[in-house]
Amino acid sequence: RFGGLNLLVAWARTFQKRGEHAHYHETISCLITVASNNPFCCNKMVQMGMMELITEWLQESSNDNLTEQKKLMLLATSIVDMDPEATLRFVNSGGLGYLRSVLASNETKLQERAIDLMMSLTFENKVDGLSHLILNHEGFVDDLKRIITHNSSDIRTIGRTLLMNLAKAGPTERRIIRTEGLQQTLIDRLMDENGVGFDERWSLAQITRVIQEHRDDAVNVQQGKDLKTEEDFVEF
C-alpha cells in the first residue's frame, strides 16, 4: 500500500547486482514472508514481473550458491501457490529449463525444492497443457524415473506426488506416462521386495490405480475403493 513491496524488490535488485549476498538473501527471505498465504501481495509481485525476475536470478546463480537458489525457488513456490498467472509467467520466462538442469544434477536439497516447485506448478492443472509440456520436455521423463526410484525417501515421496499431478491432468498425459515407461517403473518398484515398506507400496499402488483406472477416461479414481489396509493392498 505504501510502496514497501516495491522497495523490497528494488533492494533485492541492487544487492544482487552488487554481489552483496548476505543482504540479498535476507531481502529474498523478507519477500518469501510477504508472499506466504498472501494472494494480494503475490498478485502485485506477478504484475511487477517478479516471476520473470526470479527466473533470471535462478539462471544467473552460480552452481555453488545453493542457499540462494533454494530461497528463490521457495519464493517462486509461494507466489505460484497464490496466483495462477505466476505459473504461466514462470514457464514462459524459461523456468522449466532451469528446473530440468536441477533435476539432472546431484544436489539432493536443490532437487527437493525443484520438485516442490513443480508440484505447485502442476497442482490442479492450473495452466492447461503444462503437464503435457513437462512430459514432452527433453529429459524430463528420464528425470522422473530417477526421482521415483531415488535413494532419498523424501525425494521419492514428493516425486510420486508430482507424478500423480501429471497423471490427473488428462488422458494424453496418462498415455505418455504409460508409453514412456513411467508406469512400468512404478510397477517394478512396487514388486521389489527388498527395502520397499508397506507405506511406499501403498502409495505406488495408488498412483498405478490412477493411471490404469483413468485409461480412456472411463473410470475416476475417486469412485474406486481406497487401499487403506494391507488386505486391500494384497487384493489389489
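The following dialogue works through how several labels apply to this predicted model.

Student: What makes the protein's fold helical or stranded in composition?

Tutor: The protein has 15 helices and zero strands.

Student: Why is Asp 143 called buried?

Tutor: Buried means under 20% relative accessible area. Asp 143 has 1%, so Asp 143 is buried.

Student: Why is the pair Asp 143 and Arg 100 called a salt bridge?

Tutor: The cut-off is 4 Å between a side-chain nitrogen of Lys or Arg and a carboxyl oxygen of Asp or Glu. The closest N and O atoms of Asp 143 and Arg 100 are 3.1 Å apart. That is within 4 Å, so the pair counts. The pair links distant parts of the chain: Asp 143 lies in helix α10 (residues 140-147) and Arg 100 in helix α7 (residues 95-103), 43 residues apart.

Student: Is Arg 100 buried or exposed, or in between?

Tutor: In between. Its relative accessible area is 22%. Buried needs under 20% and exposed over 50%, so Arg 100 is partly exposed.

Student: What makes Arg 89 and Glu 85 a salt bridge, and how are they placed in the helix?

Tutor: Their side chains meet at 2.8 Å, N to O. The limit is 4 Å, so the label holds. Arg 89 and Glu 85 are four residues apart in helix α6 (residues 84-92), which means a separation of about one helical turn. Glu 85 is partly exposed, at 31%.

Student: What is said of the phi of Asn 37, and why is Asn 37 called exposed?

Tutor: Asn 37 has a positive phi of about 55 degrees although Asn 37 is not a glycine. Asn 37 sits in the loop between α2 (21-35) and α3 (39-47). Its relative accessible area is 70%; the cut-off is over 50%, so Asn 37 is exposed.

Student: What makes Leu 99 stand out in the largest nonpolar core?

Tutor: That core has 66 residues, and Leu 31, Met 50, Ile 79 and Leu 99 touch the most other members. Not counting residues up to four places away in sequence, Leu 99 touches Met 73, Phe 90, Ala 114, Leu 117, Met 118 and Leu 121.

Notes:
Residues numbered from 1 in each chain as written. Predicted model: local features only at pLDDT ≥ 70, side-chain atom pairs only at ≥ 80, totals over all residues. Heavy atoms only, no water. Core = buried A, V, L, I, M, F, W, Y, C linked by side-chain atoms within 4.5 Å. Buried < 20%, exposed > 50% of the residue type's maximum accessible area, 1.4 Å probe, protein only. Contact = heavy atoms within 4.5 Å. Helix = DSSP H or I, 4+ residues; strand = E, 2+ residues; numbered from the N terminus.
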